[in-house]
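Please consult the sequence and the model while reading.

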Amino acid sequence: MTREEKQAIVDELADKFATHQVFYITNAAGLTVASINRFRRLCYDRGMEYKVYKNTLIRKALDTLNADTTSLDVALKGQSGVLFSKESGSAPAKLLKAFYKAEAYGKGVEPKPAFKGAYIDSDVFVGAENLEVLNTIKSKQDLIGEIIGLLQSPAKNVISALQGGGNKLAGILKTLSEKE
């Protein structure tokens with residue numbers, strides 16, 4: 001591979017890293033052609049992209065980000081594939097879990113492609129133990145919806161209390177007027 005070809009790949013990767021706030025790095029070693037094709041099809045069906053790159057090219061592209069990604073160096077060992085998502089940070093984790101289940105990986109067997117690390121909105125997660133955590137992360141839209149619901153709740157309570165108090169006051173006045 002020539003220097004120009006390598007630079008073109010680094011530029012392509014840097015553009016993808018800049019436009020995708022979520023990407024996972026997986027271990028692509030040991031996957032058969034059939035299983036990698038099934039995985040890519042699943043990625044495509046869910047609006048994600050998976051591609052295998054050389055670790056040195058991934059590192060050079062990561063250096064273009066305006067974030068500290070040095071902790072991802074641990075994940076850049078062996079054969080690495082990058083899973084890009086424009087959705088929430090949990091979408092790729094859910095995809096990996098669904099693929100593991102479909103491929104029927106049992107206990108004690110390392111699932112492939114194995115999760116090595118993730119970059120989500122400038123946060124870095126490294127290690128297979130973080131996959132379960134990433135699986136439960138809520139999207140920005142979900143969090144905004146919950147916050148709006150929490151903010152509306154006290155206002156609704158105040159309004160209902162005022163309305164309830166107005167009804168009580170009207171009842172008291174009516175009772176007093178009927179006594180006279």
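Asp 73 is partly exposed, with a relative accessible area of 31%; partly exposed lies between buried, under 20%, and exposed, over 50% (1.4 Å probe, protein chains only). The model is predicted, so that local features need pLDDT of at least 70 and side-chain atom pairs count only at pLDDT 80 or more, while totals for chains, interfaces and linings use all residues. Residues are numbered from 1 along each chain as its sequence is written, and side-chain values use heavy atoms, without hydrogens and water.

Asp 73 is joined to Arg 59 by a salt bridge, with the closest N and O atoms 2.4 Å apart; the term denotes a side-chain nitrogen of Lys or Arg within 4 Å of a carboxyl oxygen of Asp or Glu. This pair links distant parts of the chain, 14 residues apart: Arg 59 belongs to helix H3 (residues 55-62), and Asp 73 to the loop between H3 and strand E3 (80-85). Helices (H or I, at least four residues) and strands (E, at least two) are DSSP runs, numbered from the N terminus. Arg 59 is buried, at 16% relative accessible area.

By this rule there are 8 salt bridges. Another of them connects Lys 51 and Glu 12, whose closest N and O atoms are 3.3 Å apart. Lys 51 lies in strand E2 (residues 49-53) and Glu 12 in helix H1, so this contact ties together parts that are 39 residues apart in sequence. Lys 51 is partly exposed at 31%, and Glu 12 is likewise partly exposed at 29%.
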